[in-house]
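Hi,

Here is the structure I promised to pass on. Have a look at it first, and my notes follow below.

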Amino acid sequence: MQVNRRQFFKLSAASLSGSTLAVLGFSPSEALAEVRTFKLARTTETRNTCPYCSVACGLIMYGMGDGAKNVKAEIIHIEGDPDHPVSRGSLCPKGSGLLDFVHSPSRLKYPEYRAPGSGEWKRVSWDWAMERIAKRLKEDRDHNFIAKNEQGQTVNRWTSVGFLAASAASNETGYITNKICRALGIVMLDSQARICHAPSVSALAASFGRGAMTNTWMDIKNADVIIAMGGNPAEAHPVGFKWPVEAKARNKAKLIVVDPRFNRTAAVADLYVPIRAGTDIAFLNGVIRYLLDKDAINHEYVEAYTNAPFIVRGDFRFEGGLYSGYDASNPEVRYDRRTWTYELDEQGYAKVDQSLQHPRCVFQLLKTHVDRYTPELVTEITGTPTDAFLEVCALIASTAVPDRTLTSLYALGWTHHSVGVQNIRAMAMIQLLLGNIGMSGGGVNALRGHSNIQGLSDLGLLTEMLPGYITLPRDHETDRAGYLEKRTLKPLRPGQWSYWSNLPKFHTSLMKAWYGGAATRGNDYCYDWLPKLDKPYDSMRMFDLMAQGKVNGFVCQGFNPLASYPDKGKVSAALSKLKFMVVMDPLATDTSEFWQNYGEHNDVNPATIETEVFRLPTTCFAEEDGSLVNSSRWLQWHWKGAEPPGEARNDIEIMSDLYLRLKELYRNEGGAFPEPILNLHWPYRTPEEPTPGELAREYSGYALADLADPETPGQVQVRSGQQLSGFAQLRDDGTTACGNWIFSGAWTEAGNQMARRDTADPTGMGIAPGWAWAWPANRRILYNRASCDPAGKPWNEKRKIIAWDGRRWSGLDVPDYKTDVPPGGEMSPFIMNPEGVGRLFCADRLADGPFPEHYEPFETPLGTNPLHPNVISNPAARVFPNDRAMLGDREEFPYVATTYRLTELFNTWTDHVRINASLQPEQFVEIGVELAAELGIRNGERVTVRSKRGHIKAVAMVTKRIRALKVGSQTVHQIGIPVHWGFMGLTRKGFFCNNLTPYLGDANTQTPEFKAFLVNVEKDLSELMPHTHKPGEGHEERARPEVKLEAGVERVSWLRRILKGRTEA
Amino acid sequence: MALQSLDILRRSATTTPSPQQRQMTEVAKLIDVTKCIGCKACQSACQEWNDVREEVGINEGSYQNPHDLTANSWTVMRFAETEENGPLEWLIRKDGCMHCADPGCLKACPSPGAIVQYSNGIVDFHEEHCIGCGYCIAGCPFDIPRLSKKDGKVYKCTLCSDRVAVGLEPACIKACPTQALVFGSKEDMIQHANERIVDLKERGFEDAGLYDPPGVGGTHVMYVLHHADKPQIYNDLPKDPAISAMVSVWKGVMKPLATAAMFFTALAGFFHYVTVGPNETDDDEEEHHA
């Protein structure tokens, strides 16, 4: 502020006279204290759930106006819903800032069009945009649809258009999107799960039977020991982290954090242990060895509830880092898994040895397998000090007793590796050995990333999936009977339920929901109309094919892949080769402007990019009804609180509009294989706008004829047209329709179960069975039969969830078991597995081995694998040849980098949200003090981080929280790279961390290795030489304050403060 | 509802007594730094509820953003890394107005009714009466109030007096994901703190304790600290805060004298005006200097 002498005198005089007058008693009469008026007194409240992470906190949205016809509602405030059993009114900094999301200046209001080679958007009408999109899609489909493959098998697939589904869209949007895409024959359909928690689905389903978080958020409070490894729940799920903190405060629980960084979770942990990124399996196999060595396992549980006694085939081998059946020449499937199975008896049942002594029983094989992982070897690989490792082991081992439990909280810190699935498998095995699965306060808790990525996985928005984790047929599965037969899993032990034996009912009901009357027994319920896969068209493959020019069109629904996929340079080049791209989003995403030049942050030339881009504005959470599935599998309904801005439309309407236009085109013009399009079951009252309620009733299921009651002959169980009460009522004769069998029961004749709001938690154990609805069958803790011993007695009376009451299983939770089967019999608790038990040895399910084995990240700072130097990294991982050439080595890139989220921001979405932008305004990287000293980097200086694939520039945060690790004979430095900044939005412009990351992933799911790769770091000198910036680039003038350490803020005297005019900057 | 009333206890620069008949329950915010993950939900909720927005700043090499309290950020998480108690600790403290029982800001304020203290303990600024003199900044032993460049007035945490007045908890309290922030009667908060201290001592924090400094008559924002013997390691939380001696001097001795001096100056000015006329200045000359 510049003040001249005169103004100064005037100001001084004014303030002096003001204060003088006041002191003399001439105070203004209204100088009475009055608080600011309470602004919510007459607002309209609408319940919703937070659209960011999978904690799915309850929201109350306060709308201006009382709903009168002459008023346009406007949301003026959003705060937590105190009734919500998980969040109890809390919201993290993102949830607390949601108002600025709803009203973000980046909200899209009108359809826009970017012509090939153009450098700008043109506003267009919905009608024009949709008509043109429909025509482009049809043109491509007619040209490229594959009805039969080279062998003449009917495959009916369309591989030249890709579709990425959202992660925060409602179940109803996801359901209709899948229905339409599959009818079109799209196989290149994928969702956020691919780059997020797909390994959780694989690993947990392969271990326990279902690919989901085992327990609930609130149940974490019952744990005695909590291990946050492969995740940073305080940072990524702050409100869910309420429950670990509660466990500490009320249950005297111990919280352990194992992470490359001392992170926000570690800030409140009892024990923090560092680890080298990408070596978790070495650590966890070391833990298993410790447990077996110290005999700290729950013997009765292991013998009865795991496959420890199962005998494995004699020709199964593990040698030199490779399992039997390895074939390096097959780039798609490296292992022939035939030997990874049990020895069967004459009836087809697996042989067992209950004494666990047989040399080829799983227990003995496991012992041998982990025997190499001594504490010394663990330290040699992970860099974790041996005493710290043993301290963790001892705490974990303390839960082997029946009255103590360990819970594992993990997220992308385990999934984002080339060994992602096996990281999770290792913890699943530990929990089985300790007897902590099915227990309250136990479990392997996959903390899902986005608000509905669980739901979109459940609904099958993944290339190889149909709703309810039914896999799509492969080319050779030409007949329905064979297809079903392979997936209808028969019990592998006497007396087991093996619930997948009901698959024909689920599949038939799905086809009835999709094709209605057209699906008949005579035409095998339209089996041929399902696209068949010759290989999975996951989105990692999609962008690879796109980069090769083999994909023409791409629809991107609520997703920002340019920011989210590894090797941004590759993704950008891929998008540039498209003929057309359709973006549906509430926000102006970076992806939608991949063709626009944003200086060094997106250095492209629009004139050379021929991709036609359509940008369609959609509603956000606040402007629609629908349900989302949270991490604990709860389907929670939310309600619309306001109209969307401008001409924005709901995704359901957009997809329906697109479908109806295509249908019209096919009806009038004909074209490639029009039958599924013309016959797609579309029973919605207003065809252009199916309501979320209609879609929810469809995926929950309804009867197409009167269903006879199997228990009471002559009685009707469900009348034709009525909603089913659950998947037990599904039929395989075409008399039921159900769009997703695991969601069956979400909307019954009693109404919308997902909208239930009963907060009661009768035992105080954190189960609120009347709040919303959980799949499957409203069970809150999966595998809860295992909370009781084989005789039916709870392992821990204080943690009783269900019990046998003499006639049936009952309790607070819905038993995860056949309720009328008494204890003491043959049936085991893991009803989805044909074995009936949890799998320590994962027979024939995973691509990279039945046991986890330590493989180095593809970019390893060791350059070798101490266990088997000839097999360094995961031998079963798929690496495209071009990407292998883009891998760096430790000579050029000596430091390990890992990427992660911050509490304040949510991927790149919150870049558009003012409050959150102010809380983490600018890109930074975290560098340990030792490395910073070595490189002469001071806190707050700018650095350039490079990998083989690209570079980023960021502020260096020099911290004691990342320490150098002694790994074998070398020192390994690690660098932390938060993921949030891009070239759009309100934060300072930044570089995608994915400029750096390698384009390869987990062997089972292709989920990218975002968490361990190699980089180099140097001081960024460009600010000192601004002339080095390219012409035309918007170089922001910025004042950099003097460099200082975090804690060292000097206190200045009060006088100096005033003299300096302590004003806001 | 016990917490509702905002009866006035004191007003700045006001000599007439406030109504004294009713005494409402004293409230307090308890900040348990041992449960705090530094997520900034409180900062976000504070901006949202109070309809203020912080500028998008820069990163100075710290999680602390903005780097300091401002007229828009009435609370800021301060981060400190220390190894002085053994293993590395990341001490994260929510900074903001402490709502002192004996508020230095109110004592220093010369503008009547610009700062009020309610009988439930909340110390609130009424910016419409603020003259921007900055004395409250000098009077504050915790360095909290911030002068806005936009309107020349001083802002700080109100403890959401508008919410508390209708029986709601402050916005930051409600948002806090880990119960690091708790709100209630001061008595209940002290009891809650004591329970927490027992747990912390069991976990080996011998010096865990409550921060409710007597130098300012106690506060209505209190901390549970794992190292209560060393509050300064939490980003310079003052060990024994007290109102600056200058405020007492100003209020006790200087104020009557100054009042008399000002009265006579004004009188002299008046006589100067009637006898000599207004003091002329040359505008052009002023411009040359500027």
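What share of the contacts in chain A with a separation of 6 or more comes from residues 24 or more positions apart? The figure is 74%, where two residues are in contact if their C-beta atoms, placed from the backbone, lie within 7 Å.

Before the rest, a word on the source. This is a predicted model, so local features need pLDDT of at least 70 and side-chain atom pairs count only at pLDDT 80 or more, while totals for chains, interfaces and linings use all residues. Residues are numbered from 1 along each chain as its sequence is written, with chains lettered from A and ligands numbered from 1 in the order in which they are written.

Overall picture: chain A holds 28 helices and 40 strands (DSSP runs numbered from the N terminus, H or I of at least four residues for helices and E of at least two for strands). Its C-alpha trace spans about 105 × 70 × 60 Å along the principal axes. Of the 1065 residues, 60% are buried, meaning that 20 or more other C-beta atoms, placed from the backbone, lie within 10 Å of the residue's own.

Now the core. The largest nonpolar one (buried Ala, Val, Leu, Ile, Met, Phe, Trp, Tyr and Cys joined through C-beta atoms within 7 Å) has 406 residues, and Ile226(A), Ile430(A) and Ile927(A) have the most contacts inside it. Helix H15 (residues 420–434) of chain A gives the largest share of this core, 10 residues.

Ile226(A) belongs to a strand worth a look, S10(A), which is covered on both faces: Val225(A), Ile227(A) and Met229(A) are buried on one side, Ile226(A) and Ala228(A) on the other. Because 5 of the 5 residues of S10 (residues 225–229) are buried, the strand is largely enclosed by the rest of the structure. S10(A) runs parallel to S11 (residues 254–259) of chain A, joined by 5 bridges (strands pair if DSSP finds at least two bridges between them). It also pairs in the parallel sense with S15 (residues 406–410) of chain A, over 4 bridges. Ile227(A) has Ile256(A) as its bridge partner in S11(A) and stands opposite Ser408(A) in S15(A).

Finally, there is a barrel: 6 strands of chain A close in the order S33-S39-S34-S36-S35-S40, with mixed pairing. Within it, S34 (residues 924–928) and S36 (residues 950–959) of chain A run parallel, joined by 5 bridges, and Gly928(A) has Thr959(A) as its bridge partner in S36(A).

Cheers

Technical notes: A residue is buried if 20 or more other C-beta atoms lie within 10 Å of its own, exposed if 12 or fewer, and partly exposed in between; C-beta atoms are placed from the backbone.
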